[in-house]
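The entries follow in the order I made them.

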Amino acid sequence: MSDLLNHLGVDWKLLLAQVVNFAILAFVLGKFAYKPILGMLKKRSDDIEEGLRASEESKERLSKTKIIEEERILAADKKALSMVQAAETTAKVRGEAIMEDSKKKSEGMVESAHKSIEQERGRMAEEVGKEASMFVRMGLEKVIGKMDFNERDNALIAEALKEMKSASTHK
């Protein structure tokens with residue numbers, strides 16, 4: 001064997017020293033470099049997997065949150081729509097009630113105004129009659145003179161007023 005190695009140009013002592021050196025180097029690297037690097041790589045890989053898992057969980061939560069949000073928005077829209085419809089219905093009913101009340105009030109005011117006008121008209125006719133009676137009396141006094149005509153002319157004045165009233169109501 002030694003001859004074969006010598007024949008191939010290999011020094012077995014040098015080869016043995018290189019093997020020992022390599023074993024020592026492999027042991028040192030394995031003890032102080034390889035295991036820590038593998039540990040760091042394992043930890044990094046675990047961190048990445050944890051990050052990916054957290055990312056997937058976040059995506060799932062986000063999609064669930066979006067679904068819940070959409071459901072809540074739809075529910076809120078439905079609720080708002082029903083509230084608006086209820087408000088419109090209430091407003092319509094109240095508007096109709098207010099219109100009916102206003103109509104009744106205006107009719108009452110118009111009726112009251114008509115009554116007031118009729119009363120005023122009657123009062124004015126009475127005043128006009130009194131004034132006309134006074135003017136007729138004064139006119140008769142001037143025409144007839146200073147005669148006592150109270151009893152005789154009262155019937156004539158009453159007749160004249162009656163004719164004036166009937167003439168004014170026929171207009």
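Entry 1. I looked up glutamate 57 and found it in a salt bridge with arginine 61, with 3.7 Å between the closest N and O atoms. I took a salt bridge to be a side-chain nitrogen of Lys or Arg within 4 Å of a carboxyl oxygen of Asp or Glu. Both residues belong to helix 2, four residues apart, so about one helical turn separates them. Helices (H or I, at least four residues) are DSSP runs, numbered from the N terminus.

Entry 2. I noted that this is a predicted model, in which local features need pLDDT of at least 70 and side-chain atom pairs count only at pLDDT 80 or more, while totals for chains, interfaces and linings use all residues. Residues are numbered from 1 along each chain as its sequence is written, and side-chain values use heavy atoms, with hydrogens and water left out.

Entry 3. I checked accessibility for the pair. Glutamate 57 is partly exposed at 38% relative accessible area, and arginine 61 is exposed at 55%. Exposed means over 50% relative accessible area, buried under 20%, and partly exposed in between (1.4 Å probe, protein chains only).

Entry 4. I turned to aspartate 46, which forms a salt bridge with lysine 42 at 3.5 Å between the closest N and O atoms. Helix 2 (residues 12-144) holds both, four residues apart. Aspartate 46 is partly exposed at 34%, and lysine 42 is exposed at 52%.

Entry 5. I searched the whole structure and recorded 10 salt bridges. I also noted a network of salt bridges linking Glu120, Arg123 and Glu127.

Methods. Helices (H or I, at least four residues) and strands (E, at least two) are DSSP runs, numbered from the N terminus.
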